[in-house]
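The structure is shown first, and the description follows.

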Amino acid sequence: MSKKNYDSEFCGSLPLNFINHVQAYGVLVVLDKTNLTIIQVSQNIEEKLGIAVEEVINSSWKKYISDKELTLLEEHIQSDVIKKTSVSFSFTVSHRQTNCLAIVHIKDDYLILEIEILPEDESATTSFLSVYQDVKHVITRLESAQTITSACEIAITELKKISGFDRIMVYQFDENWNGTVIAETLEEGMEPYLGLVFPASDVPRQARALYLQNPYRQIPDREYTPVKLYPLLNPATDTFIDLSDCNLRSVASVHIEYLRNMNVMSSMSIRIIKDNRLWGLIACHHRQAKFIPYQLCSVFELLSGFISSTFSRLQVLEEFQRNSHLQIIHARLAEQIYAEDSLVKGLLQKETTVLDLLQAEGAALTYSRGMETIGVTPDEDEVKNLIMWLQGNKPDKVFSTDSIASVYDNEKLSQDIAGMIAIPIHPAKDEYLFVFRSEAIQKINWGGNPDEAIQFEQDKKNYHPRNSFKIWQQTVKDTSLPWHTQEIQVADSLQHILLEYTLRKSVV
């Protein structure tokens with residue numbers, strides 16, 4: 001079986017940000033930006049704040065907060081920095097003396113307020129101070145990490161202490177957006193996911209895009225009843241309101257079913273960003289409903305940024321070490337090439353060979369009169385056919401693949417060769433350097449059958465996620481170990497040396 005792309009177009013097209021419902025743990029209020037008139041609210045405002053929907057619509061927000069709180073809100077609206085992000089502030093609903101916290105999102109024509117009710121015996125300062133030492137401890141430990149693996153273990157262990165979630169795991173995306181669980185800590189009795197791969201459709205592209213805008217996503221209780229907005233359309237735009245920035249945003253029913261199938265009642269996901277791209281997630285699960293107040297969410301947001309920078313630093317370090325190793329071998333190989341009277345001797349017949357440079361099992365140097373090889377290679381006719389194929393498709397640039405069969409007319413080469421880097425020297429003279437990797441049969445342990453990630457009902461409209469996450473093993477054939485980016489770059493560099501050399505000397 002060959003590799004498949006499980007990034008679902010269907011799931012990726014759902015308008016997750018225009019879902020027009022919110023979760024029940026907070027209240028959504030939309031204000032006209034110019035005069036702070038309330039133009040849209042979630043229908044649980046009476047339950048949470050004691051204000052009837054009919055009363056609050058088209059009234060001024062000013063009547064519900066103090067002059068001091070109003071001044072603070074107006075300062076936020078005028079701030080150029082705040083316009084690019086969100087800001088929170090505490091206030092008291094004047095008629096009820098209810099202490100609240102509002103997260104404000106500033107749009108072109110309106111403001112969105114996500115409102116949480118604060119516990120009577122807890123202040124934002126006290127909540128932050130209670131975890132301040134823990135945060136310092138996490139940061140100190142992460143600064144000492146020498147590898148991504150050790151950083152993952154530190155992150156999940158410390159976040160579990162701070163939050164009390166039953167399970168915390170690090171979920172890393174691959175090039176096809178499948179996610180592998182690379183670290184996990186969990187309570188007894190829970191099904192372990194460490195080492196399992198989950199198909200890309202589990203976190204579809206729209207959801208991934210929203211993580212680039214929001215550092216975390218909280219679902220305190222999967223059994224909540226979605227709360228409608230009133231009126232249905234946002235009066236400022238005459239459309240469903242865009243809730244991309246809002247954590248209160250309701251959850252797609254298919255994801256609720258997904259959590260139910262996992263036996264997860266509450267979840268929280270924290271993004272890990274590298275090079276402005278979603279590298280992975282820290283996924284938190286709890287078997288009972290669990291609400292994380294904004295003060296603690298802010299700690300998670302802070303740690304999300306620090307964990308992202310730590311992972312980026314460590315990945316850069318790993319890449320630097322790999323690149324340094326390659327450059328040492330590359331320099332040694334270049335010295336051999338220029339010291340010899342032929343490329344064959346310099347590349348294939350000395351103590352250091354091109355196999356050492358590219359961690360390969362075989363290489364072939366072709367020229368007009370024949371071919372010289374080292375290690376495990378296809379037969380001569382197969383190499384000649386590869387030359388003809390390259391000349392018709394990729395004549396001048398270095399070409400690499402970890403699955404020749406997937407690009408080369410679905411043909412599998414002899415000797416179980418699966419990966420190839422082809423370096424053109426003089427294509428018109430049939431001069432190429434081929435480097436080959438053998439097939440590396442992979443056993444992928446999926447979290448459930450990825451072919452059943454989405455199951456449609458007979459109407460082809462309603463659908464459900466898979467109901468089992470037990471190991472489903474896939475055997476991937478016709479594929480070699482992948483070529484690292486640095487290996488492809490060093491192959492490009494080697495091409496320049498070969499071109500320069502052949503201007504003065506011969507291949508053989």
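In this predicted model, Asp245 counts as partly exposed because its relative accessibility is 21%. Lys107 is likewise assigned to the partly exposed class, at 21% relative accessibility. The side chains of Lys107 and Asp245 form a salt bridge, with N to O at 2.1 Å. This pair joins distant parts of the chain, 138 residues apart: Lys107 belongs to the loop between strand 5 (98-106) and strand 6 (110-117), and Asp245 to the loop between strand 11 (227-230) and helix 8 (253-261).

The whole structure contains 15 salt bridges, among them those tabulated here.

| Salt bridge | N to O distance |
|---|---|
| Lys107 and Asp245 | 2.1 Å |
| Arg167 and Glu184 | 2.6 Å |
| Lys412 and Asp478 | 3.4 Å |

Arg167 is buried at 2% relative accessibility, and Glu184 is buried at 12%. Lys412, by contrast, is partly exposed, with a relative accessible area of 43%, and Asp478 is partly exposed at 28%. A network of salt bridges links Lys412 and Asp478 with Asp416 and Glu439.

Arg217, located in strand 10 (residues 216-219), is buried but has no salt bridge. The nearest side chain of opposite charge is that of Glu114, 7.3 Å away. Which backbone oxygen does the side chain of Arg217 reach at 2.9 Å? One is that of Asn247; the backbone oxygen of Arg249 also lies 2.9 Å from a polar atom of the Arg217 side chain. Beyond its neighbours within four places in sequence, Arg217 is in contact with residues including Gln23, Tyr211, Cys246 and Met268.

Conventions: Residues numbered from 1 in each chain as written. Predicted model: local features only at pLDDT ≥ 70, side-chain atom pairs only at ≥ 80, totals over all residues. Heavy atoms only, no water. Helix = DSSP H or I, 4+ residues; strand = E, 2+ residues; numbered from the N terminus. Buried < 20%, exposed > 50% of the residue type's maximum accessible area, 1.4 Å probe, protein only. Lys, Arg positive; Asp, Glu negative; His and termini not counted. Salt bridge = Lys/Arg side-chain N within 4 Å of Asp/Glu carboxyl O. Polar contact = N/O pair within 3.5 Å; in protein donor to acceptor, adjacent residues only side chain to side chain. Contact = heavy atoms within 4.5 Å.
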